[in-house]
Amino acid sequence: MNKIKNTLFSNKPVTIDENSLIMAIESSCDETACAIVKGGREVLSNVVASQIKTHEKFGGVIPEIAAREHLEAVNVVVEEAFKQAGLNGNKIDAFAGTVGPGLVGCLLVGMNAAKTLALAYDKPFIGINHLNAHLAANFIDTDLKPPFIALLVSGGHTQIIEVKSYSEQNIIGETIDDAVGEAYDKVARLIGLPYPGGPKLDKMAHEGNPFSFKLPECKVDGYNFSFSGLKTATLRLVKSFEGKDLPLADICASFQECVSSTLYKKVKHALEEKGYNQVVLAGGVAANSEIRRKIFSLQDFGYKVFAPQMKYCTDNAAMVASAAFLFDNTFDNIDVEVFSRV
Ligand code: KG4
Ligand code: ZN
């Protein structure tokens with residue numbers, strides 16, 4: 001799949017093919033990341049600087065602080081990515097950066113760093129939609145090709161997407177309130193787990209009985225989701241234990257059971273109704289053990305199931321570089337602006 005992209009400074013055509021090296025920068029939320037990927041699927045370096053320690057004390061991401069930390073980290077991750085791959089800027093065929101959706105001040109740092117590198121080395125700039133990058137995480141080290149149904153679950157999004165081709169992706173369902181990762185983080189906070197609570201809640205759920213409390217599954221029709229009812233019901237359940245010992249593990253396990261079965265049912269329904277035979281899990285919450293287990297159980301019905309390797313589930317730049325190679329609906333203009341929402 002050869003593509004022609006123009007360099008930023010002198011507007012020269014550059015062919016992007018299986019041997020092309022793309023360096024990408026990701027800074028949409030609280031990870032500053034840089035990676036170099038060959039041909040969209042082979043990762044030569046992957047560096048992630050996490051800000052979790054900084055935001056932990058606030059219980060969530062503070063956008064202005066996050067943007068400042070990206071500024072401090074961006075040159076460091078770029079240098080480290082070159083070093084890990086044993087390459088310099090002259091060897092890179094194109095520079096990619098996430099342009100949205102995400103926190104505007106944060107996106108500006110990574111996108112402008114990528115544009116600057118592209119200008120300095122006179123190579124093309126490829127602007128990437130963060131959601132396509134999460135999908136692309138599934139192409140690393142695999143032979144995945146569209147069409148497929150994707151379940152994209154992260155801190156900011158919960159979507160079922162029909163990925164028809166590298167240029168056409170249709171969102172057929174999404175959350176009408178909280179994203180799955182957001183619901184995990186809020187419930188985790190409620191029961192006293194530190195930010196980001198999602199992975200900690202997942203771990204604790206292993207110690208509990210998933211059927212100890214019956215929590216309400218999402219009642220929204222079709223492929224859309226809602227998690228606010230479940231969040232309120234969990235809050236009420238926690239309050240009912242006031243003055244008593246909280247059965248933490250059982251609450252976590254019951255919450256996880258409720259979320260994972262809602263996601264499983266909607267995805268299975270989409271696969272059956274839309275007639276696809278491949279399903280892809282993506283986004284930070286794709287790291288969740290029970291959601292992974294349930295989605296992989298779709299193999300029993302003959303579906304081909306993909307989920308990213310754990311290190312490519314949460315935000316990273318390898319997936320951005322992969323998306324820059326694979327997807328056709330990219331933003332390749334020097335004038336492209338960052339955007340906060342889809
Ligand atoms: O994709 P990501 O790194 O950032 C966004 O684009 O939002 O996703 C981060 C989200 C956080 O809400 C985090 O709590 C959640 O992914 N997460 C998990 C797990 N690992 C990460 N949620 C549930 N179980 C996990 N194992
Ligand atoms: Zn993300």
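The predicted model contains 13 salt bridges. One of them joins aspartate 332 to lysine 5, with a separation of 2.8 Å between the closest N and O atoms. Lysine 5 belongs to strand E1 (residues 3-6), whereas aspartate 332 is located in the segment after helix H10 (318-326); the pair therefore ties together parts that lie 327 residues apart in sequence. In general terms, side chains of opposite charge can pair when their charged atoms come close.

Polar contacts to ligand 1 involve both side-chain and backbone atoms of the protein. For aspartate 202, an N or O atom of the side chain is placed 2.9 Å from a nitrogen atom of ligand 1. Oxygen atoms of the ligand also take part: a polar side-chain atom of histidine 130 is found at 3.2 Å from an oxygen atom of ligand 1, and a backbone N or O atom of glycine 198 is found at 3.4 Å from an oxygen atom of ligand 1. On its own, ligand 1 has 550 Å² of accessible area, and the protein covers 89% of this area.

Key: Residues numbered from 1 in each chain as written. Chains lettered and ligands numbered in written order. Predicted model: local features only at pLDDT ≥ 70, side-chain atom pairs only at ≥ 80, totals over all residues. Heavy atoms only, no water. Polar contact = N/O pair within 3.5 Å; in protein donor to acceptor, adjacent residues only side chain to side chain. Areas by Shrake-Rupley, 256 points an atom, 1.4 Å probe, with all protein chains shown as cover. Salt bridge = Lys/Arg side-chain N within 4 Å of Asp/Glu carboxyl O. Helix = DSSP H or I, 4+ residues; strand = E, 2+ residues; numbered from the N terminus.
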